[in-house]
Amino acid sequence: QVQLVESGGGLVQAGGSLRLSCAASGRTYSPYRMGWFRQAPGKEREFVARIHWSTGSTGYADSVKGRFTISRDNAKNTLYLQMNSLQPEDTAVYYCAERKTAGGDYDYWGQGTQVTVSS
């Protein structure tokens with residue numbers, strides 16, 4: 001069973017930076033894609049960024065483009081999200097997720113890590 005464990009969340013002032021990590025264990029294959037999502041209080045979960053695991057091709061939500069960078073370390077089975085120029089509207093619980101194959105939805109989710117940006 002694949003487990004995803006996020007870390008790196010915390011409290012930061014507006015304009016600051018954080019780097020989230022997502023460590024995968026129990027995996028015996030390379031996933032098709034991994035992504036970051038977030039859910040703010042009272043709102044639905046939303047897509048933040050994704051990365052094709054083998055090619056490194058990335059995609060971002062418009063709201064974070066130019067500020068956030070998704071990356072991965074294949075050898076460490078770890079996904080990252082570098083978040084710069086953080087704003088209060090970025091406050092949310094951030095989740096990483098794995099998609100095993102090209103078809104279907106994300107198969108595994110982490111437990112989430114809280115990011116709070118103060119103004």
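Tyrosine 94, once its neighbours within four places in sequence are set aside, is in contact (heavy atoms within 4.5 Å) with Glu6, Leu20, Phe37, Arg38, Val48, Phe68, Leu81, Met83, Gly112, Thr113 and Val115. This is a predicted model, in which local features need pLDDT of at least 70 and side-chain atom pairs count only at pLDDT 80 or more, while totals for chains, interfaces and linings use all residues. Residues are numbered from 1 along each chain as its sequence is written, and side-chain values use heavy atoms, with hydrogens and water left out.

Tyr94 also belongs to the largest nonpolar core, which has 28 residues and in which Trp36, Leu79, Leu81, Met83 and Tyr94 are those with the most contacts. A nonpolar core here is a set of buried Ala, Val, Leu, Ile, Met, Phe, Trp, Tyr and Cys residues joined through side-chain atoms within 4.5 Å; buried means under 20% relative accessible area, exposed over 50%, and partly exposed in between, with a 1.4 Å probe and protein chains only. At least two residues of this core come from each of the strands E3 (18-25), E4 (33-39), E5 (46-52), E7 (68-73), E8 (78-83), E9 (92-99) and E11 (113-118), where strands (E, at least two residues) are DSSP runs numbered from the N terminus. Strand E3 gives the largest share, four residues. In soluble globular proteins, nonpolar side chains tend to be buried together.

Strand E3 also takes part in an open sheet of four strands, ordered E1-E3-E8-E7 with antiparallel pairing, two strands being paired if DSSP finds at least two bridges between them. Strand E1 (3-7) and E7 are the edge strands, each pairing on one side only. Within the sheet, E1 and E3 run antiparallel and are joined by five bridges, and glutamate 6 has cysteine 22 in E3 as its bridge partner.

Elsewhere, six bridges join the antiparallel strands E4 and E5, with methionine 34 standing opposite isoleucine 51 in E5. These two strands form a hairpin with six residues between them, and glycine 42 in the turn has a positive phi of about 75°. E5 is in turn joined to E6 by three bridges, again in an antiparallel arrangement, and arginine 50 stands opposite glycine 59 in E6. The hairpin of E5 and E6 has five residues between the strands, and there glycine 56 takes a positive phi near 80°.

Arginine 27 and glutamate 98 form one of them, their closest N and O atoms being 2.6 Å apart. This pair links distant parts of the chain, since arginine 27 lies in the loop between E3 and E4 and glutamate 98 in strand E9, 71 residues apart. Arginine 27 counts as buried because its relative accessibility is 10%, and glutamate 98 counts as buried because its value is 0%.

Another salt bridge joins the side chains of aspartate 90 and arginine 67 (2.7 Å, N to O). Aspartate 90 lies in the loop between E8 and E9 and arginine 67 in the loop between strand E6 (58-60) and E7, so this pair ties together parts that are 23 residues apart in sequence. Aspartate 90, at 0% relative accessibility, counts as buried, as does arginine 67 at 17%. Through salt bridges that share partners, Arg38, Glu46, Arg67 and Asp90 are joined into one network.

Technical notes
A salt bridge is a side-chain nitrogen of Lys or Arg within 4 Å of a carboxyl oxygen of Asp or Glu.
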